[in-house]
Amino acid sequence: MTKKLILTEIADYCGVSPATVSRALSGNGYVSEEKRRKIQGFVNDRGSAGERVLQRGRRGREIIIVTRDDHLSNSNACAGLKQFLDRLHQDGFLASVFFGNRAEALKSCLKRRPEAVLAFGINDRVMPHIAKLVARGITCIGTGEAFEVACPVVSHDHADAVRAAVRRLQSRGAKRIAYLAGMGEREHFHSPDEIAVCRHREIVEAIAGELPGFDVAADVVSDNFGSFAQAEKMLKKGEHGGWIIYDCEQVNAFARLCASLRLPIPPLAALLSPGDGMVLPVTELIYRQPPLDEAILQLLNSDNPEDFRPRRILLPYHYVE
């Protein structure tokens with residue numbers, strides 16, 4: 001019998017989560033005395049099988065982290081990942097990290113059967129693989145966005161941040177606002193449904209809900225992998241009194257584009273991720289995403305099975321004065 005099945009059996013019998021069983025057996029983390037006695041009593045009754053679980057628990061709780069290759073090339077992302085791995089170690093986890101093809105890495109988790117799988121930057125393409133892991137009883141947690149989720153997914157409240165950005169740009173006199181982000185090969189769209197990336201569709205829908213007259217076809221533009229041709233046309237027309245731009249690279253590229261056109265940089269709001277560096281000193285409004293570490297650790301150490309139901313957990317942006 002595998003570790004996961006044994007942990008689940010103990011958890012079901014004792015009325016607690018598998019994470020509580022692991023903490024009780026390993027001695028890492030808090031477990032009430034009553035629950036600890038109940039778990040230990042069940043383990044003792046199981047004899048040698050229980051002792052195998054006890055030995056495994058003392059070594060640590062196995063978690064597999066699946067992430068993208070760009071974590072290796074981004075120094076801020078690497079530093080953040082190292083800090084998170086240190087926190088996992090402190091909480092008694094044994095973590096393995098897989099970089100690259102997330103779909104293939106998630107398939108391999110079906111054979112290894114860790115206690116938990118954490119998938120960074122999930123999307124709709126990898127969600128079916130996560131659903132298979134959940135069906136096998138493996139705890140899964142995701143970060144990022146997907147239109148349909150099969151596990152708890154920790155993300156940021158993009159819609160709330162962009163609504164606040166619209167209001168602040170309006171207070172600075174902007175009547176028409178454009179949204180610029182990296183959204184694939186297409187440079188512009190006719191409706192939010194044509195935007196394939198979940199976060200950008202949510203942002204566009206939030207702007208449309210906050211700003212009367214917002215026109216997706218005329219006010220939303222993708223950088224088209226760095227070309228900025230459509231954004232250049234919009235800047236030359238000068239019809240937008242404010243811009244909302246997603247991520248540090250886009251903000252800095254936009255500022256350079258304005259300089260090359262010898263145009264003043266319009267009021268803009270930047271939506272930045274935790275791994276983004278500093279933007280050029282042209283941004284009046286900065287909304288930065290908080291790290292997700294604490295929310296993930298709370299889930300991993302939760303005793304409540306309800307916490308692991310499929311849902312989005314949205315963390316608010318921090319407004320940088």
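**Contacts, burial and packing**

Guide: In this predicted model, Gln250 touches Leu180, Ala181, Gly182, Asp223, Phe228 and Ile245, residues up to four places away in sequence being left out of the count.

Visitor: In which helix is Gln250 found, and is Gln250 buried or exposed?

Guide: Gln250 is found in helix 13. Buried means a relative accessible area under 20%. Because its relative accessibility is 7%, Gln250 counts as buried.

Visitor: Which residues does His200 contact beyond its neighbours within four places in sequence, and is His200 buried or exposed?

Guide: His200 lies in helix 10. Apart from neighbours within four places in sequence, its contacts are Tyr179, Ala181, Gly182, Met183, Ile195 and Tyr246. With a relative accessibility of 2%, His200 counts as buried.

Visitor: How do the axes of helix 9 and helix 10 cross, and why are the two helices described as oblique?

Guide: The axes of helix 9 (residues 158–171) and helix 10 (residues 198–210) come within 8 Å, crossing at roughly 40 degrees. Angles under 35 degrees count as roughly parallel and those of 65 to 115 as roughly perpendicular. Helix 9 and helix 10 are therefore classed as oblique to each other.

Visitor: What is the handedness of the crossing of helix 9 and helix 10, and which residues make the contact?

Guide: The crossing of helix 9 and helix 10 is right-handed. On the side of helix 9, the contact is made by His158, Ala159, Val162, Arg163, Val166 and Arg167. On the side of helix 10, the residues are Arg199, Glu202, Ile203, Ala206, Ile207 and Glu210.

Visitor: Over the face of which residue does Arg168 lie, and at what distance from the ring centre?

Guide: A charge sits over a ring if CZ of Arg is within 6 Å of the ring centre and within 35 degrees of the ring normal. Arg168 lies over the face of Tyr319, and its distance from the ring centre is 3.7 Å.

Visitor: How many aromatic pairs does the structure hold, and what is the geometry of the pair of Phe84 and Phe120?

Guide: The structure holds three aromatic pairs. In one of them, Phe84 and Phe120 have centres 6.0 Å apart and planes at 75 degrees. Planes over 60 degrees apart count as edge-to-face, so the pair of Phe84 and Phe120 is edge-to-face.

Visitor: Which parts of the chain does the pair of Phe84 and Phe120 link, and are Phe84 and Phe120 buried or exposed?

Guide: Phe84 is in helix 6 (residues 75–90) and Phe120 in strand 3 (residues 116–122), so that the pair links distant parts of the chain, 36 residues apart. Phe84, at 1% relative accessibility, counts as buried. Phe120 has a relative accessible area of 13% and is likewise buried.

Visitor: What is the geometry of the pair of Trp243 and Phe254?

Guide: The centres of Trp243 and Phe254 are 4.7 Å apart, and the planes make an angle of 45 degrees. Trp243 belongs to strand 8 (residues 242–246) and Phe254 to helix 13 (residues 248–260), eleven residues apart. Both Trp243 and Phe254 are buried. The pair of Trp243 and Phe254 is tilted.

Visitor: Where is Asp247 placed, and what is its phi?

Guide: Asp247 is in the loop between strand 8 and helix 13. Its relative accessible area is 22%, and Asp247 is therefore partly exposed. Most residues other than glycine have a negative phi. Although Asp247 is not a glycine, its phi is positive, at about 85 degrees.

Visitor: Where is Arg113 placed, and what is its phi?

Guide: Arg113 occupies the loop between helix 7 and strand 3. With a relative accessible area of 16%, Arg113 is buried. Phi of Arg113 is positive, in a residue other than glycine, and is near 50 degrees.

Visitor: Which residues does Arg112 touch, and how far is its C-alpha atom from that of Ile64?

Guide: Arg112 is placed in helix 7 (residues 102–112) and, at 38% relative accessibility, counts as partly exposed. Residues up to four places away in sequence not being counted, Arg112 touches Glu62, Ile64, Ser96 and Phe98. Arg112 and Ile64 are 48 residues apart along the chain, and their C-alpha atoms are separated by 9.3 Å.

Terms used:
Residues numbered from 1 in each chain as written. Predicted model: local features only at pLDDT ≥ 70, side-chain atom pairs only at ≥ 80, totals over all residues. Heavy atoms only, no water. Phe/Tyr/Trp six-rings, centres within 6.5 Å; stacked < 30°, edge-to-face > 60°. Helix = DSSP H or I, 4+ residues; strand = E, 2+ residues; numbered from the N terminus. Buried < 20%, exposed > 50% of the residue type's maximum accessible area, 1.4 Å probe, protein only. Axes fitted to C-alpha atoms, helices over the stretch in contact; angles between N-to-C directions. Parallel < 35°, antiparallel > 145°, perpendicular 65-115°, else oblique. Left-handed = near helix turned anticlockwise from the far one by under 90°. Contact = heavy atoms within 4.5 Å.
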